[in-house]
Amino acid sequence: MIPYGRQNVDDDDIRAVVEVLRSAWLTTGPAVDAFEDGVREYVGAKHAVAVSSGTAALHAMMFAVGIGPGDEVIVPSMTFAATANAVVFQGGTPVFADVDPNTLLIDPASVEQNLTSRTKAVVAVDYAGQPCDYDVLRRICERHKIRLLADACHSLGAIYNGKRVGTLADASVFSFHPVKTITTGEGGMVVTDCDDLAARARLFRNHGITTDQRQRANLGTWHYEMVELGYNYRLTDIQCALGLSQLTKLDGWISRRQEIASLYRKAFLGKSGIRALGIAPGASHAYHLFVVRVPQRDAAFKAMRDKGIGVNVHYVPVHLHPYYRGRYGTEMGMCPMAESAYLSVLSLPMYPGLSDEDVRFVAQSLTGIVIP
Ligand SMILES: *Cc1c(COP(=O)(O)O)cnc(C)c1O
């Protein structure tokens, strides 16, 4: 089976992890600082806070900006459920915006339509690895004095108008799950230029306690204070060593992802039934996913799986999940573009280790299956 996504772990990665296993710190040690510095410098942000997953990063970000009961946060419906769930974790209400049918990125017009006096933030999701239209979203958020946040779990390494993802919103989050562009097994990060947001995220990942164990060891004190309700969302040194080693290879991997994307695009040129998603001008795409839209998607999905090709579907629009329908009264018809996209999207295998031969096999299989 060719999977839709797969990590790449080499001997350097393994050596880096083993080195930590032999060291004094397995968690909250120097590898955490090193990985945070690595990501911070890579994206060009002032602060980075490593946490235990992308979901934890979203939660920490919602806490940091002060989302609470009565607050609304606008999220696109075409995303992973965790984007909206993080708002609910903090007692806020997610409000679902529709997406642009060409890119499946949040539609700024739909954001405007969903603004109310209770709106506190908008979350941009860089679907498939393509940055949203941050200039337009920034203008909307500034005009209404609300936060612009980024769920950049797909787009570490992507660039928008010359600026790296991670510097385009008040705070941005990454995931290091094995299918994402770099991995720590499980892991995530909040990046921001704002001192206060970074300090709050740091507090949140360690029970709301003002110092960590290593700081107390260095200060020669046992005393600590818990000033907020936080969680244990820490990422281990073992994982951070893997992440830092992975980070050195990120640019090469993104280039390979972009190569694979152009092979797919060439193969589907003139095949009227298969439509790759559009790319906005000024965007450099990280290609976490390569998504096409096809007619009779369910049949295409099954035929591809039967050929041993691990296609997938991203995503069930979040407002259609039973939890949101039941608790927030969301329903069919609220985000028509996301709903119709859901019926036709298919994610094709996309990861740096995929060979040109595999790409041709996937493309030929799909063109043989899809009857326009
Ligand atoms: C992967 C992902 C998450 C969650 O990340 P985890 O590390 O799996 O918790 C959140 N949002 C989006 C868009 C994702 O793709």
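This is a predicted model: local features need pLDDT of at least 70, side-chain atom pairs count only at pLDDT 80 or more; totals for chains, interfaces and linings use all residues.
Trainee: Start with α10. How many residues does it have?
Mentor: Helix α10 has 19 residues, 250–268. It reaches 27 Å from its first C-alpha to its last, close to the 27 Å expected at 1.5 Å a residue. That expected span is 1.5 Å times one less than the number of residues. Helices here are DSSP runs (H or I, at least four residues), strands likewise (E, at least two), numbered from the N terminus.

Trainee: Which residues of α10 are buried?
Mentor: L250, W253, I254, R256, R257, I260, A261, Y264 and F268. Buried means under 20% relative accessible area, exposed over 50%, and partly exposed in between (1.4 Å probe, protein chains only).

Trainee: Where do they sit around the helix?
Mentor: Down the axis of α10, its buried residues fall within an arc of 160 degrees, so they line one face of the helix. The arc is taken from the directions from the helix axis to the C-beta atoms.

Trainee: What do they pack against?
Mentor: The buried residues of α10 pack against α2 (30–43), α9 (237–247), β12 (290–293), β13 (345–348) and α14 (356–369). Contact means heavy atoms within 4.5 Å.

Trainee: What follows α10?
Mentor: G270, with a positive phi near 80 degrees.

Trainee: At what angle do α10 and α14 pack?
Mentor: About 35 degrees, with their axes 10 Å apart. Axes are lines fitted to C-alpha atoms, for helices over the stretch in contact, and angles run from 0 to 180 degrees between N-to-C directions. The crossing of α10 and α14 is right-handed. A crossing is right-handed if the near helix is turned clockwise from the far one by less than a right angle, and left-handed if anticlockwise.

Trainee: Which residues meet there?
Mentor: R256, I260, L263, Y264, A267 and F268 in α10 meet D356, V359, V362, A363, L366 and T367 in α14.

Trainee: Now α1 and α9. What's their angle?
Mentor: Helix α1 (residues 11–21) and α9 pack at about 150 degrees, axes 8 Å apart. They are therefore roughly antiparallel to each other. Angles under 35 degrees count as roughly parallel, over 145 as roughly antiparallel, 65 to 115 as roughly perpendicular and the rest as oblique. The crossing of α1 and α9 is right-handed. Contact residues include A16, V17 and V20 of α1 and I238, A241 and L242 of α9.

Trainee: And α3 with α7, at what angle?
Mentor: Helix α3 (residues 54–64) and helix α7 (residues 195–204) pack at about 125 degrees, with axes 8 Å apart. That makes α3 oblique to α7. H59, A60, F63 and A64 in α3 meet L197, R200, A201 and F204 in α7.

Trainee: What about T28: what's its phi, and is it buried or exposed?
Mentor: T28 has a positive phi near 50 degrees, though it is a residue other than glycine. T28 sits in the loop between α1 and α2 and is buried, at 11% relative accessible area.

Trainee: And what is the phi of H207?
Mentor: About 65 degrees, positive although H207 is not a glycine. H207 lies in the loop between α7 and α8 (213–219). At 32% relative accessibility, H207 counts as partly exposed.

Trainee: Where is T181, and what does it touch?
Mentor: T181 is in the loop between β8 (171–175) and β9 (188–192). Its relative accessible area is 7%, which is buried. Not counting residues up to four places away in sequence, T181 touches L156, L250, W253, R257 and A286. L250, W253 and R257 are among the buried residues of α10.

Trainee: Last one, M304. Where is it?
Mentor: In helix α11. M304 is buried, with a relative accessible area of 0%. M304 and L366 are 62 residues apart along the chain, yet their C-alpha atoms are separated by 7.0 Å. Leaving aside neighbours within four places in sequence, M304 is in contact with I309, V311, L348, V362, S365, L366 and I369.

Technical notes. Residues are numbered from 1 along each chain as its sequence is written. Side-chain values use heavy atoms; hydrogens and water are left out.
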